[in-house]
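Here is a short report on how one protein chain is put together. Keep the sequence and the 3D view open while you read.

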Amino acid sequence: MPAIFRDARIIRGIAQLIFVVIVVIVLNDLQTRINTALESTNQSPNFEFLQNRAGFDLADSGSYSSNDRYIDAFQVGFINTLRVVLLGLASTTVIGIMVGIFLLSRNFLLRTISRVYVEVLRNTPVLLQIFAWFYIALFSLPPQQESIAFPQEGIRSLPLLQYGLSLLVILLIWQYSGSLRRPAWRNGLRQVGIAVVLLVNLLGIVIVGAGTPIEFRPGIYISIKGVAIFELIPTSLFGIWMVFVVIGAVVSFAMSRYFAFITESSGQPIPRTRYALAAFVGFTLLGWLIIGMRPTPSQIAVYDDDRDEFIEMEYEEAFESALLTIEQELEYTRQPLIFRPPTLDRRGRNIETGIEFSPSYLAIFLGLVIYTSAFIAEIVRAGIQAVPKGQLEASRALGLSQGDMLRLIILPQALRVIIPPLGNQFLNLSKNSSLAIAVAYTDIYQVTFTIINQSGQSVTGIVMVMLSYLLISLCISLVMNVVNQRYQLVTR
């Protein structure tokens with residue numbers, strides 16, 4: 001044989017080329033057979049049918065109607081799948097990290113409960129857990145007319161801004177009390193400060209209740225039809241308020257980078273996270289206060305049902321009497337966001353306003369989140385235990401607290417072990433979301449299955465579903481690869 005064919009690299013290249021040619025030939029033959037079989041029934045694969053009228057309704061569809069196109073129905077399914085995947089990834093990460101840390105807790109009860117949580121859920125099929133949430137947990141809830149409301153009606157409350165200011169004061173007390181050397185003084189100052197803030201708020205509620213009470217309507221309704229929560233609607237002042245929010249984010253980022261530079265150059269420990277958070281919250285509340293100084297009109301035209309005509313009324317009186325339309329509230333309010341609680345219709349059977357989560361969505365969401373969090377907890381436990389014990393002993397010798405040791409020493413090193421398998425669990429959650437068809441949730445698979453039954457475009461529909469899940473998986477993989485590169489060891 002010639003010398004070129006005795007080179008192992010040349011032989012491997014030729015073998016790979018032959019394999020690619022065989023794959024192309026097989027795929028071309030398969031495509032030809034499929035086209036031939038479908039042409040005989042006038043169902044050649046194409047994408048033109050997506051512009052036809054769908055003719056079927058969908059739950060959890062927003063403004064979609066049966067008069068829309070197939071492509072619109074497919075878009076609804078894709079968005080519903082993203083609702084499960086994106087919220088599920090965030091929720092399962094938080095729960096998994098917490099349970100993984102609890103697995104290594106010194107508290108026997110907490111450690112045992114976490115171990116039972118992991119072993120039971122990890123060894124139970126995910127489909128069975130979804131059925132348990134749907135047919136056992138959610139079906140045991142009361143009917144819509146007897147919904148569980150939280151908080152209860154009639155509870156007097158103060159404006160949201162005052163609660164935000166109280167939280168800022170508590171954060172400032174917590175921050176500056178940390179400079180006290182004696183733990184007794186530090187803890188005493190924190191307890192007294194929090195008690196004073198709570199007492200001021202309670203007095204404010206009593207004073208407001210003695211004068212003009214502010215009735216706080218329920219923000220959450222829980223029933224057999226799902227969960228309905230409040231919604232925050234942007235007003236005409238939302239854009240101006242976002243300017244303060246963006247400025248606060250830029251200032252907090254700059255402060256964090258500057259304090260990090262000081263710490264690295266001088267070794268002086270600075271709680272840059274607390275300072276950055278305080279700056280962001282401060283600018284956000286400052287923008288809310290400045291916007292609240294906007295004058296409101298003295299008179300406004302409201303519709304009177306008794307007279308069947310518009311009448312002039314004081315703005316404050318019309319606002320307190322709930323006679324303003326939603327358009328008028330969005331235009332003349334002095335807040336960047338309007339808190340709109342969920343409301344029931346007169347019969348108490350349906351939700352008129354607010355954001356509603358159907359039982360199907362809750363079942364698939366809770367099932368996937370709880371199931372995947374058990375695997376993530378084991379990954380977190382293994383990552384923490386992979387940190388050398390010498391690192392823990394050194395951190396204890398420096399006098400670091402448990403929280404600082406976990407935040408500064410353990411987790412940064414454990415993430416190098418946690419992130420690669422964590423990405424696999426994220427991919428599993430995204431692909432397991434196709435089990436939503438078991439509880440009749442209108443995800444991308446169920447919608448496409450309905451489209452295939454009506455149009456007969458089975459090949460095109462399956463290809464669209466495959467490409468959709470492939471796109472979601474590639475996006476998750478890209479993000480996790482970027483994060484992995486950020487935390488991996490840098491060597492020369």
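The axes of α3 (residues 108-122) and α11 come within 8 Å and cross at roughly 125°. An axis is a line fitted to C-alpha atoms, for helices over the stretch in contact, and angles run from 0 to 180 degrees between N-to-C directions. The crossing of α3 over α11 is left-handed. Left-handed means that the near helix is turned anticlockwise from the far one by less than a right angle; clockwise gives right-handed.

Which residues of α3 and α11 make the contact? From α3 come Arg115, Tyr117, Val118, Leu121 and Arg122. From α11 come residues including Ile370, Tyr371, Phe375, Glu378 and Arg381. Contact here means heavy atoms within 4.5 Å. By class, this contact holds 8 nonpolar, 1 polar and 4 charged residues. Ala, Val, Leu, Ile, Met, Phe, Trp, Tyr, Cys and Pro count as nonpolar, Asp, Glu, Lys and Arg as charged, and the others, Gly among them, as polar.

**The model and the whole chain**

This is a predicted model: local features need pLDDT of at least 70, side-chain atom pairs count only at pLDDT 80 or more, and totals for chains, interfaces and linings use all residues. Residues are numbered from 1 along each chain as its sequence is written, and side-chain values use heavy atoms, with hydrogens and water left out.

The chain has 15 helices and 12 strands. Helices (H or I, at least four residues) and strands (E, at least two) are DSSP runs, numbered from the N terminus. Of the 492 residues, 33% count as buried. Buried means under 20% relative accessible area, exposed over 50%, and partly exposed in between (1.4 Å probe, protein chains only). Take the contacts between residues at least 6 apart in sequence: 71% of them join residues at least 24 apart.

**Helix α2 and its partners**

Helix α2 (residues 70-102) packs against α11 (residues 359-385) at an angle of about 40°, with the axes 6 Å apart. That angle is why α2 and α11 count as oblique. Their crossing is right-handed. The contact residues of α2 with α11 divide into 16 nonpolar, 8 polar and 2 charged.

Helix α2 also meets α15 (residues 458-487). Their axes come within 12 Å and cross at roughly 30°. The two helices are therefore roughly parallel. This crossing, too, is right-handed. On the α2 side the contact includes Phe74, Phe78 and Leu82; on the α15 side it includes Met464, Tyr469 and Ile476. The contact of α2 with α15 has 10 nonpolar, 2 polar and no charged residues.

| Helix pair | Axis distance | Angle |
|---|---|---|
| α2 and α11 | 6 Å | about 40° |
| α2 and α15 | within 12 Å | roughly 30° |
| α3 and α11 | within 8 Å | roughly 125° |

Gly100 lies in α2. Is Gly100 buried or exposed? Gly100 counts as buried, because its relative accessibility is 0%. Leaving aside neighbours within four places in sequence, Gly100 is in contact with Ala377, Val380 and Arg381. Its C-alpha atom is separated by 9.6 Å from that of Arg111, 11 residues apart along the chain.

Helix α11 is mostly covered, with 23 of its 27 residues buried. At 1.5 Å a residue, α11 should span 39 Å, and its end C-alpha atoms are 39 Å apart, which agrees. The expected span is 1.5 Å times one less than the number of residues.

Helix α7 (residues 238-266) has 29 residues and should span 42 Å; its end C-alpha atoms are 42 Å apart, which agrees. Among the buried residues of α7 are Trp241, Phe244, Gly248 and Phe259. What covers the buried residues of α7 includes α8 (272-291) and β9 (337-340). Just after α7, Gly267 takes a positive phi of about 80°.

**Two loop residues**

Ala440 sits in the loop between α13 (402-432) and α14 (444-455). Its phi is near 65°, a positive value in a residue other than glycine. Ala440 counts as partly exposed, because its relative accessibility is 49%.

Pro45 lies in the loop between α1 (8-39) and α2. At 30% relative accessibility, Pro45 counts as partly exposed. The C-alpha atoms of Pro45 and Ile34, 11 residues apart along the chain, are separated by 8.8 Å.

Conventions:
Angles under 35 degrees count as roughly parallel, over 145 as roughly antiparallel, 65 to 115 as roughly perpendicular and the rest as oblique.
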